[in-house]
Amino acid sequence: MLSIKQLSKTYANGVKAINDVTLDIPNGMFGLLGPNGAGKSSLMRTIATLQDPDSGSIHFDGLDVLAQPEALRRQLGYLPQDFGVYPKVTAEVLLNHFAVLKGLTGRGERKEAVEALLHQTNLWEARKRGLGTYSGGMRQRFGIAQALLGSPRLVIVDEPTAGLDPDERNRFLNLLAKIGEQVVVILSTHIVADVTDLCPRMALIVKGEVQLQGEPQATIDTLRSKVWRRSVSPEALTEYQQRMKVLHTRLVGGKPQINVYADSQPEEGFIQVEPDLEDVYFLHVRNAAASAAAVV
Ligand SMILES: Nc1ncnc2c1ncn2[C@@H]1O[C@H](COP(=O)(O)OP(=O)(O)OP(=O)(O)O)[C@@H](O)[C@H]1O
């Protein structure tokens with residue numbers, strides 16, 4: 001269990017990236033959802049002990065992470081958002097190199113670990129190719145392979161599916177789901193479907209603050225019978241957005257379709273629909289933006 005209490009961080013430029021965050025993260029896949037700039041990477045980097053918070057505490061299975069960062073690092077696998085690779089080096093050589101850095105110094109043990117991870121991430125056939133020839137999905141799977149070296153008990157992956165095509169995304173998420181059976185995996189993402197598909201527990205963070213946390217289905221249930229949908233003309237869209245709580249807009253056959261939050265049917269033509277996690281996400285992002293505007 002990872003336990004974060006009242007964590008805050010303000011950067012030198014005055015941006016409050018983490019604002020009094022308290023989260024309990026049990027074993028399994030945990031989705032940390034939030035729009036760009038919400039503070040997800042700041043939180044991930046702080047948990048990974050790459051930067052210090054201004055205040056608050058982090059404990060992992062009783063270990064005081066901020067007091068003993070080295071001890072946490074020995075149990076950590078981290079795939080950062082901007083994971084760079086050397087394009088000319090092969091996957092096998094680079095993974096072997098990372099393994100040495102992770103402390104796998106015995107030749108036999110290292111070879112075994114590297115080979116097992118290349119198989120697990122489905123890169124065995126491509127192991128002798130330069131990483132520069134890899135697709136985005138293959139690079140991300142390589143990123144997970146290096147994160148899993150040394151059998152970490154805490155795995156952090158920061159926005160890993162952005163830019164992947166549907167096949168590669170599925171393959172990557174399946175891989176994460178398998179890992180999540182044994183350890184704590186924190187998946188930071190702005191893609192709602194990643195969390196819906198994969199995570200039994202989640203938190204939503206906006207402007208550095210936790211807006212909600214719990215089981216995705218329980219958060220969806222709070223919106224039952226409050227989401228209404230209709231198609232509108234492109235010209236009328238702005239007017240609907242001003243008059244109603246429009247959660248999101250989708251183009252269906254080139255025509256905008258809006259989901260609106262309301263206690264009862266907003267007007268003729270709206271039909272009630274089953275809410276989903278996107279509705280929850282947009283309602284909270286919208287409310288957070290509204291309350292920030294009210295403060296200013
Ligand atoms: N080193 C830094 N110095 C100053 N401001 C920073 C720094 N890193 C991030 N920020 C700011 O802190 C806020 C949160 O950024 P962060 O990268 O943590 O968010 P995020 O949710 O990961 O978003 P994204 O998906 O865009 O990376 C943003 O306003 C960002 O501009």
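Trainee: Which domains does the assignment give?
Mentor: Domain 1 (2–214) and domain 2 (221–295), with bounds from an automatic or database domain assignment. Residues are numbered from 1 along each chain as its sequence is written. Keep in mind it's a predicted model: local features need pLDDT of at least 70, side-chain atom pairs count only at pLDDT 80 or more, and totals for chains, interfaces and linings use all residues.

Trainee: What separates the centres of domain 1 and domain 2?
Mentor: 33 Å, taken over C-alpha atoms. The contact takes 10 residues from domain 1 and seven residues from domain 2, where contact puts C-beta atoms, placed from the backbone, within 7 Å.

Trainee: And which element gives the most on the domain 1 side?
Mentor: H7, with three residues. Helix H7 (192–198), strand E9 (201–206) and strand E10 (209–214) each supply at least two. Those labels are DSSP runs numbered from the N terminus: helices are H or I, at least four residues, and strands are E, at least two.

Trainee: Switching topic, what's the strand order in the open sheet of four strands?
Mentor: E2-E1-E4-E5, with antiparallel pairing; strands pair if DSSP finds at least two bridges between them.

Trainee: Which strands stand at the edges?
Mentor: Strand E2 (16–25) and strand E5 (63–64). Each has a single partner strand, so one side of each lacks a neighbour in the sheet.

Trainee: How many bridges between E4 and E5?
Mentor: Two, with E4 covering residues 55–60. Phe 60 stands opposite Leu 63 in E5.

Trainee: Which helix packs on that sheet?
Mentor: Helix H1 (residues 40–47), touching strand E1 (2–10), E2 and E4.

Key. Two residues are in contact if their C-beta atoms, placed from the backbone, lie within 7 Å. Axes are lines fitted to C-alpha atoms, for helices over the stretch in contact, and angles run from 0 to 180 degrees between N-to-C directions.
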